[in-house]
Amino acid sequence: MRYDANGWPMIPHRKFTFDFWALTLVFAALPLRFALAVRTCLSPDEAYYLAAHRLGFTITDHPPLTTWLVGLADNLDFLSLELRIRLPALVVGTFIPLLLLWISKTLHDQPSHQRWTALLGAFLPLPLAGGFLITPDTPLLLAVAVLLVIHHQTPSWKKNVGLIFACAWGLAAKVSMLVPGLLLLFLSPHRSERLAVAMGMAIALPIALPSLGFQWHHAFVDQSSAVGTLTASAAALGAQLLLWTPAVLWFGFREAWPRPFERGLMLSMSVLLLASALLRQVPPEPNWFAVAALFCIPFAAGPLARGARWVQATTLLLGPAAALLFASHVLWPWLPIPTPVDPSARLHGWRDDNPVAQAPGIGVYGPAAEACIYQKQCEKIAYIFNNYEQFFK
C-alpha cells in the first residue's frame, strides 16, 4: 500500500467497492427528502432566488450559481413548483453522501465505517435539510466534498480538471469556498494542483467579488441585531453541536488533526465563526461552519464504529433520530415548539397566503418574495430589488 505525504492510503480507483447497506442508507433518505420537497412551501430564501430570476434582477447576497440553478429548474414546468425548484438540491444532496462514502472507504475500508458515514451523511440535520432546500450551501458542499475526495488522489490531469471544477463551482455558489481553495493553494505540494486551484478560483472570482464585500459586512461588521458577546458565542457553539452532534465534531477533529489541509480548514472556519460572534455580537448563521464540519463525518465514522455502545446510541439519538423526528414535524407540524423559534414555520402557509407571521428567519424580503411567487404580486419585491442598498446594507 502506498501513502501520500499526509498519510492517506493511495488506493487505485478500480479497487473501490461500496458497502451495499451503506448505499441503501444513502438512497433511503431520498423518499423522505422528496416528501419534504413536495409537502412544504418554498422557503423565503428559495422564493427570493426564484423571484430574482423571474424578474431579471441581479442580487449580491451570494454569487449567482444558486439563482442560475433555480432558473434552469424553473423551466421544468411539468413538475410542481416546489419539486422542480428543489430538484437540484435533491440530486446534489444524494451525491454528497456518496462522496463522503468514497472518503470513508479511503480512510477505513471497513463496511461498518461506511455505514456510519452513510447514516450521518444522509440523516444529520443539516445534510437532510440541504438535501431538499435549494440554497447556496448545497452546491458549495458538493464542491467541498469533491475537493476532499480528489485532494489526496495521485496527481494526474483528471485530478487537476476536478480541482478546477470544484473550485469554480464552489466559489460560484458561495464566497466561503475561498477558505478551502486558498488553503489548498498554499498547502498543496504539487505545482500542477496549485495551478488548477488558482485557475478554478480565477474563473469564478469575477462573479463572486460583489458577494465578497456583502458577506464581509454581514459576517463581521453589522451589529443591528447584537445580543452580546457571550450569548452570541454560546449560541454559535450550541448550534454546531445540535447540527452535527458532539461525537461527530470531537472525533472528526481529532482524527483529521494530523493532516495539514484538514487541520487548516478546521482552524480557519473555527476562527472565522468565533470572530463573527465576537465582532458582531450576533450568533453566526449555523450553516456557515458546514464547510469544515462536513468532512468530520467520514473521519468520525471509524471511532464511532469502534466506540462504546453508549457513545453510538447518544450520537444516533442526538443526530439522525432527532433529525427524523423534526422532519416529521416539518411534514405535519405537531411538536410543541414555540413559533418564534420553529424554523419549520417558514415552510408553511405561503400557498394559501396564510403564513405564520412570527416564524423565524423570514427576513425583510421574505413575505414580498413569497407573495411574488405564490400570489403573483411582485411589486413589493421588485421595489426591494430596485432599492437593494437600502434593504441589505
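1. A crossing of two helices is called right-handed if the near helix is turned clockwise from the far one by less than a right angle, and left-handed if anticlockwise. With that in hand, welcome to this predicted model. The crossing of helix 5 and helix 15 is a right-handed one.

2. Let us stay with that pair for a moment. Helix 5 covers residues 111–123, and its axis runs 8 Å from that of helix 15, at an angle of about 125°. The two helices are therefore oblique to each other. On the helix 5 side, the contact is made by Ser112, His113, Trp116, Thr117, Leu120 and Gly121; helix 15 brings Ile297, Pro298, Ala301, Gly302, Leu304, Ala305 and Arg306. Sorted by type, the residues of this contact are 7 nonpolar, 5 polar and 1 charged.

3. Helix 15 (residues 296–306) also packs with helix 4 (residues 81–107), here at an angle of about 45° and with the axes 9 Å apart. That angle makes helix 4 oblique to helix 15. The crossing of helix 4 and helix 15 is right-handed. Leu100, Ile103, Ser104 and Leu107 of helix 4 meet Ile297, Pro298, Phe299 and Ala301 of helix 15. This contact has 7 nonpolar residues, 1 polar residue and no charged ones.

4. How many residues of helix 15 are buried? The count is 9 of 11, so helix 15 is largely enclosed by the rest of the structure. You can find them in the model as Cys296, Ile297, Pro298, Phe299, Ala300, Ala301, Gly302, Pro303 and Leu304.

5. Setting aside neighbours within four places in sequence, Leu304 is in contact with Trp116, Leu120, Ala247, Val248, Phe251, Val311, Gln312 and Thr315.

6. Is Thr66 buried or exposed? Its relative accessible area is 1%, so Thr66 counts as buried. Not counting residues up to four places away in sequence, Thr66 touches Tyr49, Ile134, Thr135, Pro136, Pro139 and Ala173.

7. Helix 1 (residues 20–39) packs with helix 16 (residues 309–331) at an angle of about 30°, with the axes 10 Å apart. That makes helix 1 roughly parallel to helix 16. The crossing of helix 1 and helix 16 is left-handed. Helix 1 takes part through Leu32, Ala35, Leu36 and Arg39, and helix 16 through Leu324, Ala327, Val330 and Leu331. Among the residues of this contact are 7 nonpolar, no polar and 1 charged.

8. Leu36 also gives a handy reference for Val179. The two residues are 143 apart along the chain, and their C-alpha atoms are separated by 31 Å. Val179 lies in helix 9 (residues 178–187). At 15% relative accessibility, Val179 counts as buried, because the cut-off is under 20%. With residues up to four places away in sequence left out, Val179 touches Leu265, Ser268, Met269 and Leu272.

Methods:
Residues numbered from 1 in each chain as written. Predicted model: local features only at pLDDT ≥ 70, side-chain atom pairs only at ≥ 80, totals over all residues. Heavy atoms only, no water. Axes fitted to C-alpha atoms, helices over the stretch in contact; angles between N-to-C directions. Helix = DSSP H or I, 4+ residues; strand = E, 2+ residues; numbered from the N terminus. Parallel < 35°, antiparallel > 145°, perpendicular 65-115°, else oblique. Contact = heavy atoms within 4.5 Å. Nonpolar A, V, L, I, M, F, W, Y, C, P; charged D, E, K, R; others polar. Buried < 20%, exposed > 50% of the residue type's maximum accessible area, 1.4 Å probe, protein only.
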